[in-house]
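The sequence and structure come first, and the description follows.

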Amino acid sequence: MGLATSSVITLHINGEKHTLPVDHRTTLLDALRERLDLTGTKKGCDQGQCGACTVLVDGHRTVACLQLAVAAEGREITTIEGVADGDRLHPVQQAFIDLDGYQCGYCTPGQICSAIGMLAEHAAGWPSAASGDVRPAAGPTPLTPEEIRERMSGNLCRCSAYTSIVEAVARAAEADASSAAGVPEPLGEAAA
Ligand code: FES
Ligand code: FES
């Protein structure tokens with residue numbers, strides 16, 4: 001008897017359960033877009049290099065093109081469709097609109113999900129390659145434009161809207177984006 005090549009899985013997405021059969025090779029990105037009609041998450045490179053497909057899995061930034069759908073079972077997945085609180089946009093979404101943090105908009109869902117995860121990482125005290133003195137005595141690392149650029153460097157924008165994106169992320173940081181409703185707590189033990 002051959003090994004099974006498909007399974008019925010239940011994905012928890014934006015607070016709802018979705019049960020579906022999937023080939024074991026199906027990525028989370030394809031499950032979202034092709035099977036569940038959640039097309040807000042974009043496919044760019046399909047090989048983990050552009051960040052267009054970024055979603056939050058248990059609050060952590062994840063490129064959905066490199067995550068198998070079966071491996072996401074039981075995890076709390078948040079896509080761009082789930083970051084707003086009803087009619088109230090997430091502070092990161094609002095900042096991108098207010099400061100024109102996009103041109104064509106194709107990279108934008110990934111930029112926004114990544115920014116939400118990044119702000120939570122920063123709030124939790126995670127340093128980046130751009131951080132200077134990371135000793136506890138030095139206190140929290142200021143979220144300078146250089147910090148934002150480094151921390152968002154996994155998200156490419158072919159329109160090169162980077163200047164506005166950095167300004168939008170900085171604005172959202174002021175609005176304490178990481179505490180917005182609808183997004184799971186980001187950084188537990190599993191992230192270590
Ligand atoms: S589509 Fe996933 S990183 Fe580019
Ligand atoms: S706004 Fe066009 S790719 Fe970023």
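## Where the domains touch

In this predicted model, 14 residues of domain 1 are in contact with 14 residues of domain 2, contact meaning that C-beta atoms placed from the backbone lie within 7 Å. On the side of domain 1 that touches domain 2, β3 (54-57) and β4 (60-63) each supply at least two residues, and β3 gives the most, with three residues. By class, that side of domain 1 has six nonpolar, six polar and two charged residues; Ala, Val, Leu, Ile, Met, Phe, Trp, Tyr, Cys and Pro count as nonpolar, Asp, Glu, Lys and Arg as charged, and the others, Gly among them, as polar.

Domain 1 spans 7-82 and domain 2 spans 91-180, with bounds that come from an automatic or database domain assignment. The C-alpha centres of domain 1 and domain 2 lie 22 Å apart.

## A pair of helices

Helix α3 (residues 108-123) and helix α5 (residues 162-174) pack at an angle of about 45°, with their axes 11 Å apart. Helices (H or I, at least four residues) and strands (E, at least two) are DSSP runs, numbered from the N terminus, while axes are lines fitted to C-alpha atoms, for helices over the stretch in contact, and angles run from 0 to 180 degrees between N-to-C directions.

α3 and α5 are therefore oblique to each other (under 35 degrees counts as roughly parallel, over 145 as roughly antiparallel, 65 to 115 as roughly perpendicular and the rest as oblique). Q111, A115 and L119 in α3 meet I165, V169, A172 and A173 in α5, a contact with six nonpolar, one polar and no charged residues.

## Numbering and confidence

Residues are numbered from 1 along each chain as its sequence is written, while chains are lettered from A and ligands numbered from 1 in the order in which they are written. Because the model is predicted, local features need pLDDT of at least 70 and side-chain atom pairs count only at pLDDT 80 or more, whereas totals for chains, interfaces and linings use all residues.

Conventions: Two residues are in contact if their C-beta atoms, placed from the backbone, lie within 7 Å.
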